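Dear colleague,

Here is the structure for you to look over. My notes on what I found follow directly below it.

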Amino acid sequence: MSTTEDFRIKNIDPSLHNEDLAPLAPEKRTWGWFEIFNVWSNDIQSLFGYTLAATLFISYGLNGWAVLAGIVLAGCIVMGLVQLTGRPSVKYGIPFPVFARASMGVRGANFPALVRGIVAIFWYGVQTYFASTAVALLLNSLLEPQNPAVYMGLTAIGWLSYVIVCLFQVGLFVCGMSWITRFLNWAGPLVYVVMIALMGLIWYQAGPSLLSELGNIFSGNGEYAAGPVAAFFAVVGTMVAYFAAVVINYGDFARFVKSERQMTIGNFLGLPVSLAIFSLIALVITAGTVVVFGETLTNPTDIVARVDNLTLTIIAALTFFAATVGINLVANFIPPAYDLANLAPAHISARTGGFITAGIAFFIGALWVAFISNVGIAAFVDTLGAVLAPLYGIIVADYYLVRRRKLDLQQLFSAEVGSAYYFDGGWNRKAMIAFAIGSVFSVASVWAPVLSQLSGYSWLLGALLGAVLHYGLMHGQAQALKRADAAL
């Protein structure tokens, strides 16, 4: 039975330790299954998440049931992936940057954490802009401005909305994890209520014709050039890729959970179950827009604006704002805050890391419409994401196959020569070799035309390659650890 003392680091190295990175003792963990469920609910229910789910039903020409099956399968795959990265953080109470030290080295873990942080900061800025569109929808509905002037792609209301979202997110982060938890806990369920209300209203306006349009979507048209099997796996790969950023650093959230069982229940309800329900709601609403408006609308804000109901607009705008802010905090704000803190714990706390994140991201979001969205930045971000893919395989293979689910907490915070995770100057060169080779493959899938067919699920292949290479290179150490365990 673990005690508080087991989680206290006895010899503190300020270059590796601060209160935000320190192991969280079991009695300090307050999350149950509902909190984990809401992490995923907010991830799924953002404006982009809705648009993605709706688009999958109409883009691949597949039978609707096949698309739904692909989405649920993707949810099961993501659940399996996060179960693997979540268990060590539940067991030891450590965030992702600390967990990565076991495989990459106490200094080597800084590199993937930095890359992960860069990706997250970029998307934090972009999602902040998209959250501001929900606020702008609300203000425009209330104020009804006539012919507003546009400056750098945004009206005065657009800029005001953007600043409001920026300040709200930073304020919520400053209030601490308990406030963020409360926010996620009401935002997730409320989005479902609004989406069901929107579905009911669209269905009422569409009448019996809605079922006919649903039948058209569910019949499929077989237009995907590579065939139905390829279309199915493209759906699965796209949905898995959507969650890829959270999969790697899931330990940042799992460390707050009281038990592995609570985490598993939350993952199951929040991923395959929630994905299926939300996707069906998105499908019904999308089919209804064809009947009611004569065109397929996949952006919730466009749909609400067309419904022309002020009460619904106000409620929906606030809800979409909350959902998008929720995923932004989960996937793009908390991770870089920890990642930056890991670079220099003595000087950068998670709170300071959050301020750095918000400062850089402010300019990314502010320039999104006028500049950044037009310069092919997606390929740059996809490349950084591809670089990270093998890291997942490396940290998982190291924990489960090399170290056989055993970590030394004290050594994770030690940079003494000869300590367990010091390796060579704090870097595990074998892990870095596996990381480099796996990343070359993943990046090639983004840029090389010959690998374009793999782009939908190159993240999974890159992770698998990283795992195989790391275990192969670390096989000797794995056998030594196995013999040491047997001798005890």
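Ile 395 sits in helix α16, residues 377–402. Helices here are DSSP runs of H or I with at least four residues, numbered from the N terminus. This is a predicted model, in which local features need pLDDT of at least 70 and side-chain atom pairs count only at pLDDT 80 or more, while totals for chains, interfaces and linings use all residues. Residues are numbered from 1 along each chain as its sequence is written, and side-chain values use heavy atoms, with hydrogens and water left out.

Back to Ile 395. Its relative accessibility is 1%, so Ile 395 counts as buried. The cut-offs are under 20% relative accessible area for buried, over 50% for exposed, and partly exposed in between, with a 1.4 Å probe and protein chains only. Setting aside neighbours within four places in sequence, Ile 395 contacts Thr 85, Phe 96, Phe 99, Ala 100, Ser 103 and Ile 248. Contact means heavy atoms within 4.5 Å. Gly 466 is 71 residues away from Ile 395 in sequence, yet the C-alpha atoms are 9.0 Å apart.

Two other buried positions

Leu 412 belongs to helix α17, residues 409–412. With a relative accessible area of 0%, Leu 412 is buried. Beyond its neighbours within four places, Leu 412 touches Leu 16, Ile 94, Val 98, Arg 101, Ala 102, Val 106, Leu 407 and Tyr 421. Gly 105 is 307 residues away along the chain, but its C-alpha is 8.7 Å from that of Leu 412.

Ser 132 is part of helix α6, residues 110–143. Ser 132 counts as buried because its relative accessibility is 2%. Neighbours within four places aside, its contacts are Ser 161, Tyr 162 and Val 165.

Salt bridges

How many salt bridges does the count come to? Three. The rule asks for a side-chain nitrogen of Lys or Arg within 4 Å of a carboxyl oxygen of Asp or Glu. Side chains of opposite charge can pair when their charged atoms come close.

- Glu 260 pairs with Arg 87, with the closest N and O atoms 3.0 Å apart. This pair joins distant parts of the chain: Glu 260 is in helix α12 (residues 260–293), Arg 87 is in helix α3 (residues 64–92), and 173 residues separate them. Glu 260 is partly exposed at 36% relative accessibility. Arg 87 is partly exposed too, at 24%.
- Arg 403 pairs with Asp 398, and here the closest N and O atoms are 2.8 Å apart. Arg 403 and Asp 398 are both buried.
- Arg 429 pairs with Asp 424 at 2.9 Å, N to O. Arg 429 is exposed, with a relative accessible area of 58%. Asp 424 is partly exposed at 39%.

Cavity and pocket

Both come from a 1 Å grid over the protein atoms alone: a cavity is a set of points where a 1.4 Å probe fits but cannot get out, a pocket is an open set with protein on both sides within 12 Å along at least five of seven lines, and lining residues have an atom within 4 Å of a point. Grid points are joined across faces, edges and corners, and a volume is the space filled by probe spheres set on the points.

One cavity of 30 Å³ or more turned up. The largest cavity has a volume of about 40 Å³. Which residues line the largest cavity? They are Ile 44, Gly 49, Ala 53, Met 239, Tyr 242, Phe 243, Leu 275, Phe 278 and Ser 279. Helices α2 (47–59), α10 (228–248) and α12 each give at least two residues to this lining.

The second largest pocket has a volume of about 570 Å³. It is lined by 25 residues, and those closest to its centre are Glu 19, Asp 20, Ala 22, Leu 24 and Arg 255. Helices α7 (156–175), α8 (177–206), α14 and α15 (350–366) each supply at least two lining residues. The largest share, three residues, comes from α14.

Surface patch

Helix α14 (residues 310–343) also holds Leu 343. Leu 343 is partly exposed, with a relative accessible area of 32%. Together with Leu 114 and Ile 118, Leu 343 forms a nonpolar surface patch with about 210 Å² of accessible area. Patches take residues with over 30% relative accessible area and no salt bridge, joining like charges within 9 Å and nonpolar side chains (Val, Leu, Ile, Met, Phe, Trp, Tyr) within 5 Å. Accessible areas come from the Shrake-Rupley method with a 1.4 Å probe, and for residues only the protein chains shown count as cover.

Best regards
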